[in-house]
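Here is a short tour of a protein chain, written for someone who likes cut-offs stated alongside the values. Take a moment with the view below, and then we can walk through it together.

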Amino acid sequence: MTKIHPDVPATFRRAQFLHFIRHFLEMVIAMVAGMMILGPIRALIIAPLGWSDLFDRPELHALAMAADMTIAMSLWMRYRKHSWISIAEMATAMVLPFIVLCTVVGGCVVR
């Protein structure tokens, strides 16, 4: 991570800050859009199969939401010309903590 030194011009620091804010807002919008668009699509596909009660389990619902956010964020990153390795790193960072925590806490045990 780059450190900001006192001799760095204020305009450069401001540009870095605005770049960070834009990037953050893009990520939030992409993930919210993923949940709002892919969530209902998933529900429409799963309901006729009779698997709707599967998402009554909070851990599976959370995993599905993480998948929705990851898919949307991956699409946005690809649109912004990110590499496949960067997209894979982001997807791993989105899903792996959930899987680790769910396993450690014991919420992902099949009942």
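## Contacts, core and rings

Setting aside neighbours within four places in sequence, Ile 87 is in contact with Ser 74, Met 77, Arg 78 and His 82, where contact means heavy atoms within 4.5 Å. Before going further, a word on the source: this is a predicted model, in which local features need pLDDT of at least 70, side-chain atom pairs count only at pLDDT 80 or more, and totals for chains, interfaces and linings use all residues. Residues are numbered from 1 along each chain as its sequence is written, and side-chain values use heavy atoms, with hydrogens and water left out.

Now for the overall layout. The protein chain has three helices and zero strands, and from the N terminus the order reads α-α-α. Helices (H or I, at least four residues) and strands (E, at least two) are DSSP runs, numbered from the N terminus.

| Residue | Element | Residue range of the element |
|---|---|---|
| Phe 20 | helix 1 | residues 10-49 |
| Phe 24 | helix 1 | residues 10-49 |
| Thr 70 | helix 2 | residues 58-79 |

Of the contacts in the protein chain with a separation of 6 or more, 61% are between residues 24 or more positions apart.

How much of the chain is buried? Of its 111 residues, 20% count as buried, with buried meaning under 20% relative accessible area, exposed over 50% and partly exposed in between (1.4 Å probe, protein chains only). The accessible surface comes to about 8500 Å², and 75% of that belongs to carbon and sulfur atoms.

The largest nonpolar core has seven residues: Ala 30, Met 31, Met 69, Met 73, Met 77, Ile 87 and Met 90. Such a core is a set of buried Ala, Val, Leu, Ile, Met, Phe, Trp, Tyr and Cys residues joined through side-chain atoms within 4.5 Å. Helix 1, helix 2 and helix 3 (84-105) each give two or more residues to this core, and helix 2 gives the most, with three.

Thr 70 is buried as well, at a relative accessible area of 9%. Beyond its neighbours within four places in sequence, Thr 70 is in contact with Met 90, Ala 91, Met 94 and Val 95.

Finally, the structure holds two aromatic pairs. The ring centres of Phe 20 and Phe 24 are 6.3 Å apart and the planes are at 25 degrees, so this pair is stacked (centres within 6.5 Å make a pair, and planes under 30 degrees apart count as stacked). These two residues sit four residues apart, about one turn of the helix, and Phe 24 is partly exposed at 40% relative accessible area.

Terms used:
Accessible areas come from the Shrake-Rupley method with a 1.4 Å probe; for residues, only the protein chains shown count as cover. Rings of Phe, Tyr and Trp (its six-membered ring) pair if their centres lie within 6.5 Å; planes under 30 degrees apart count as stacked, over 60 as edge-to-face and the rest as tilted.
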